[in-house]
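Biologist: Could you walk me through reading burial and ring pairs in a model like this one?

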Amino acid sequence: MITSTWTGSAGTGLFEARTADPQALYERDAQLSSLLALLAETRRGRSGVVVVSGAAGHGKTELLHTFTRHPDARAAVRLTALAYGAEREVPFGVLAQLFRSARISGEPGVRVNRLLREAQSTAATDEILPQLFHGLCFVLLDLIEHSDQPVIIGIDDVQYADVPSLRCLSAVIGRLPASRLLVVLNETPQPGPSTALLLAELPPEPRSRWLRLEPLTPGGVEALLAERLSPQAARGLSAEIHTLSGGNPHLVRGLAEDNPEPASSEDRPRAVVGAGFRRAVLHCLYRCDPAMLTLVRQLAVLDRPLPDDLLSQLVGWDVETTVQTLDSLNATGIVAGRELRHPEIGAAVLTGMVPRERSDLYVRTADVLCTVGASVVVTARLLIAADRIDSHCAVPLLQQAAEQGLADGDHDLALRCLRLLGRHPTAPHTHARTLALLLRTEWRKDPSLAARRLPELADAARTGALSGQAMALPVHGLMWFGNEEEARTVLEEAERRAGTAQDTEALAQLGMSRLWLDLLYPATGGGPGAGDAVMDAHSASAVSPHPGAVATVRGVLTAGPGPDTVADALQTLYRNPLTEQTFPSLMAALVTLWLNDRLPEARHWADALAAEAEGRSAPVWHGMLLTVQALVALRNGDVRTAELRAHRALDTVSLESWGVAIGFPVGAALQALTAQGRYDEALTLLKEPVPEALLRTPIGMFYLRARGHYLLATGQPRAALGDFRTIGRMADRWKQDVPAVIPWRGDAALALVRCGDTRQARELAQEQLALAGPDQHRVLGATLRVLAAAGPPKGRTSALTRATQHAQDSDDLLELVHILVDLGWAHQEQGAYSKSRQTLRRAQNLADDLGIVLPQRLLPGPAGGTGDRPPGTAQGGEWSDALSDAELRVATLAAGGHSNRQIAHQLFVTTSTVEQHLTRVYRKLNVKNRTDLADELHAGLGLRARSRADVGAGRPVGADPIGADPIGAGPASDREDG
């Protein structure tokens, strides 16, 4: 037997250095009491072994440290060691720590050191000579037997201890059943059985005890948080932090570090997950079996739970091992079920990896998921994270994921997939398809940005690098931005390529493109029926029902509204969900309903589709549907909504991205602003440049009409007439001269009346009346109003009364206000002053409801001009109530420029009577002369306000704010004076 000399109370080894700053224990009182009870038994000469088991971070080290520093244990000899996984293959490494903590000195110390050197020079346990093993065992045995005090041996992380050390300890325990020895082994459970303890035949039975450390309860978490936070803050955070940590004390302390005391006690506590939590997670994982870290990294890459068999395939294990590892991770609180407890856990473990190792993990995972047919979106995200396409499935998978992203409205995913492909060289056809997908993806948000890809994509269509539906993409892009000639050239070359390759899908799409091209640019197309041969040959193509939708719009533009076109439009809307393929047909159907004056249906579908488009992050779709909402509101007379929707559409899609479609939102906003009398804002909008190609499309007619009405409202009838006649020539040239669609004759007649040419105005109005159908109430009402103004006084009230009925039948409230104003004046001309006042009040009230400026009357004034404001409505009409009918008749004629003699002659009274009436009128209205009288009579209808606005804008009243040459009016040949 070896006799050793040692001094003092041992216990200054690695374990104690590691726990120099101990943590307080929470909810571990029962386990500490058990250890102290075992120590009491040891003092009575009964040795024991206790295994303290608990997941990493559950406080085993703190428990052992607290126990060895307890007053009851201070007189004991404490030998401690900390096992490391990296030293597992070093023979007697743990035993060497125990001897070092015993501070053996003199000749025995030299002897121990020699034995350890000889033992540790061997390569494996089986090669250790029996005499070396025997000698080291008896050194430890001698230490225990010759101690005057109980001996406590504590080994932390015993699962990593070398087997020779544990065997030596087992042999000593077996030889000292009645000694004062207590062995405490801290074990972190690992997947599968504890190999080291089994090989060492530890712990021995029946003298062994097992203590398990469970996760903290919410109360324990609150008590632990109170170390750093106030009781109130700890109470407020405890439930959330308990959920985040799974009750793991180490993770709780990490979260406490991330959540300092709030600045104000009134702040509602909200747990922050930061660097402290990430460090705690990594610390726990690095103390666990390496397999647990491997599995956590795999879960972090997936970011979603998977079946056990698939997860096993990804990590290369059998299912049983995978399940055991998951169970161990659940015990630590890092995993909950089959997924990480918090995303920051995944971020921490992935950040800690070498970049190439992390990239390999992503690619390997993508390969496996691709093989088993997993979601292309999930797999594509892995390749994006790896930033590599060297996986065998990368290229087709990324393209499929981009398609899926487009369908789901996930444009960010689609762009990331395609940009990854674009950074690496691929085959020409693959590159062309990627380019086409990029164009489609970017177009949804910003067509002007996507347009930079059109030249390369057009070349791909010409050379045959594109196929299928992608063949038509450059044609659509070119026509959108007004390059119709190039679009037609690309279309023809692509059709030849597709025909040679017998690409029926491409031919069908190109046929569809030809229909749209001919509809949008009728002057350069083949007229009605162009492209029909192509579509007939491929009518079963997936592009249906677009051909029908285009044909429906073309039918309305060329033949006028009708019930068949409405039925076709509604069928399109009912049958087709909102997708990239169906959006053009849905827009065509909405336009068809709008042109047919089916406003309730158009509003319902536009609202529903706009909400869906906004939710799917498709700004271009949303902007176009907002424009439809504006157009519908405008026809209903709701100018406020029309202006808001039109401006929102212009804010949603940049002006540069609208292409030739810009005419619709700008035209709608222009009409709404004009109706409200906001002429300066309308002028600002007019100054925005529009594509020159706009005036080669039917959309240009809508824009020109809106501009013409602005010019009329601002006193520029000749410039307005030029716009309206340009529309007429366009409609005639394109065979789209349908008054129900674009009533240019009535508009031109309005301008002619303003210019004083009532003969031409009457001819145009009569021609439009003859062309309008009996049920086209909107056109009939407006046309009858112009006829009344251009014709003789006799019969005006009858014509305007019929016009009123038509406007009411069509719910054309804007036109109704105009008609009521003229009807009020017509009643006054006939001497029906009560009817005049009632009608004009109705007009004023309706204008107020609609938020519009009451328009000038169209009827000629006493001097043969137009534009006089009718009496009877100023300040709510109270001044007109102060005048008798006789006084009102005299005042009206005097304000209109008649002399006293002319008034007396017209009213069949004496000049003296006229003078007496005027004196009373001046007194009642508090005016001094005829000029003041005219101003007072006109004030209620907005003339003064408009005059002040004109003066404030730096121009005289009635001046032309644009000049003789209207902005963007097109070639001089398209502008005519009245």
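Biologist: Is Phe92 buried or exposed?

Modeller: Buried means under 20% relative accessible area, exposed over 50%, and partly exposed in between (1.4 Å probe, protein chains only). Phe92 has a relative accessible area of 0%, so Phe92 is buried. Phe133, at 25%, counts as partly exposed. This is a predicted model, where local features need pLDDT of at least 70, side-chain atom pairs count only at pLDDT 80 or more, and totals for chains, interfaces and linings use all residues. Residues are numbered from 1 along each chain as its sequence is written, and side-chain values use heavy atoms, leaving out hydrogens and water.

Biologist: How many aromatic pairs does a search of the whole structure find?

Modeller: Rings of Phe, Tyr and Trp (its six-membered ring) pair if their centres lie within 6.5 Å; planes under 30 degrees apart count as stacked, over 60 as edge-to-face and the rest as tilted. The search finds 8 aromatic pairs. In one of them, the rings of Phe92 and Phe133 have centres 6.2 Å apart and planes at 45°, so this pair is tilted. Phe92 sits in the loop between strand E2 (77-82) and helix H4 (93-102), and Phe133 in helix H6 (residues 130-145), so the pair ties together parts 41 residues apart in sequence. Helices (H or I, at least four residues) and strands (E, at least two) are DSSP runs, numbered from the N terminus.

Biologist: What about the rings of Trp443 and Trp480?

Modeller: Their centres are 5.9 Å apart and their planes at 75°, so that pair is edge-to-face. Trp443 is buried at 18%, and Trp480 is buried at 16%. Together with Phe481, Trp443 and Trp480 form one aromatic cluster.
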